[in-house]
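Thank you all for making time this morning.

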Amino acid sequence: MSAQENKTGLPLVHLGITRPEELSALFADLRGRFNADCACALDESSWKQFRDTWLGRKSGVLAQITDNWLKPATPELKRAVGQQLNELRAHVESQIESRRAAIETGTEETARDRVDLSLPGVIRPVGSRHLVRQVFQEIEDIFFSIGFSVVDGPEIETPYYNFEALNIPEFHPVRDDMDTFYLDLPKGAPTLLLLRTHTSPMQIRTMEKQKPPVRVIVPGKVYRRDNPDATHSFAFHQIEGLAVDTDITFCDFTGTIEYFVKQFFGPSVKTRFRPSYFPFTEPSVEFDVSCPFCAGTGTAASGGTCSKCKGAAWIELFGAGMVDPAVYGFVNYDPKKVSGFAFGIGIDRLAMLKYGIDDIQVFFQNDVRFLRQFP
Ligand code: DAH
């Protein structure tokens with residue numbers, strides 16, 4: 001603002017002002033200009049310029065008023081000029097200070113909120129599927145390719161599905177290692193509930209729902225009161241398999257399992273089965289695979305004993321069998337008309353074998369250093 005514009009460069013007589021009443025309009029005009037200037041001081045540098053324009057010691061507007069209006073004022077004007085100048089000064093100083101404070105907080109906010117488009121974007125690492133999930137998928141794909149479909153079942157089960165309907169009555173000894181995690185239920189609950197100890201209950205639920213032919217696999221979590229060690233965990237994973245139709249034979253059974261094992265471990269492995277016992281299969285077998293790590297020789301490449309099969313040349317894989325006719329009785333299938341087979345594969349065990357993992361606990365620890373090895 002030039003002195004001319006402000007009229008502050010000239011003594012009052014030159015402005016034709018001789019009476020105190022004429023001062024008010026002059027000062028009101030100045031205050032209006034000041035307010036307009038103040039609104040334009042939006043950042044630190046324009047604020048500094050604005051401050052100097054009004055408060056500058058030599059040529060600031062207030063200094064000019066003092067020099068040009070007050071000092072040479074006639075005695076009758078002097079008092080009024082001094083009074084009006086003081087009022088204007090008070091207004092100017094307080095406004096300049098509050099403008100400064102406003103700019104200071106305002107800039108902080110702007111700096112914080114400012115979007116810097118030149119910064120690199122936020123990289124959110126994409127996770128990968130857990131190795132157990134990958135092995136599930138691998139096994140599911142193999143069974144999909146031969147006509148099985150996937151079904152899902154509850155992890156909280158009734159003793160009926162987990163035991164009785166699988167031909168495991170209340171005092172059957174095989175309950176010893178399974179009859180464990182029961183839920184606390186309110187008094188009078190209609191049935192006990194437990195964490196399923198295997199995926200086999202889904203055999204029953206599936207057959208209850210559909211007539212043969214049945215060809216399903218059931219991937220899922222199961223729970224047992226096992227003390228944690230390198231091969232045991234309170235929770236682990238299984239895939240149940242069930243095939244029931246009017247003409248399924250033991251040959252279909254072994255052919256299917258052999259196909260699966262060769263797809264999973266490679267075509268050169270051999271399979272064998274040994275007699276075993278499960279209440280819901282008859283006959284029951286335990287499937288073994290020739291050790292894929294020493295080509296079924298029991299001897300490692302170094303000449304020593306193979307550490308995977310401990311020199312046995314065979315590795316025990318999982319249990320299976322032909323469905324026990326007693327089970328059909330629980331689902332209203334006619335055991336004279338239908339036959340089938342079932343199997344229960346421990347996923348953690350298979351994953352450990354295939355990928356050379358020697359401690360099941362790593363599956364549950366969520367340590368990214370482990371997980372990243374299986375992208
Ligand atoms: N349910 C058995 C277990 O968890 C595994 C099993 C064995 C499942 C034989 C089967 C089978 O379907 O036929 O120990």
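Let me start with the ligand, because the space that it takes is the largest pocket, where a pocket, on a 1 Å grid over the protein atoms alone, is an open set of points with protein on both sides within 12 Å along at least five of seven lines. Please keep in mind that this is a predicted model, in which local features need pLDDT of at least 70 and side-chain atom pairs count only at pLDDT 80 or more, while totals for chains, interfaces and linings use all residues. Residues are numbered from 1 along each chain as its sequence is written, and side-chain values use heavy atoms, with hydrogens and water left out.

The elements that give two or more residues to the shell around the ligand are strand 5 (235-245), strand 8 (314-323) and strand 9 (339-346); strands here are DSSP runs of E with at least two residues, and helices are runs of H or I with at least four, both numbered from the N terminus. There are 15 residues around the ligand, and those that come nearest are His198, Ser200, Arg224, Gln238 and Glu240, a residue being near if one of its heavy atoms lies within 4 Å. By class, this shell has 5 nonpolar, 8 polar and 2 charged residues, with Gly counted among the polar ones.

On the oxygen side, a polar side-chain atom of Arg224 lies 2.7 Å from an oxygen atom of the ligand, and for Gln238 the corresponding distance to a ligand oxygen atom is 2.9 Å. The protein covers 92% of the 360 Å² of accessible area that the ligand has on its own, as computed by the Shrake-Rupley method with a 1.4 Å probe.

Turning to the sheet, 7 strands form an open sheet in the order 1-4-5-9-8-7-6, with mixed pairing, and two strands pair if DSSP finds at least two bridges between them. Strand 1 (149-150) and strand 6 stand at the edges, each with a single partner strand, so one side of each is left without a neighbour in the sheet.

Finally, the backbone. A cis peptide bond, with omega about 5°, joins Pro212 and Pro213, and Pro213 has its place in the loop between helix 8 (201-209) and strand 4 (214-223). Another cis peptide bond joins Glu282 and Pro283, with omega about 0°, and Pro283 is found in strand 7.

Key:
A polar contact is a pair of N or O atoms within 3.5 Å; within protein, one must be able to donate a hydrogen and the other to accept it, and residues adjacent in sequence count only if both atoms are side-chain atoms. On a 1 Å grid over the protein atoms alone, a cavity is a set of points where a 1.4 Å probe fits but cannot get out, and a pocket is an open set with protein on both sides within 12 Å along at least five of seven lines; lining residues have an atom within 4 Å of a point. A molecule sits in a cavity or pocket if more than half of its atoms lie within 2 Å of its grid points.
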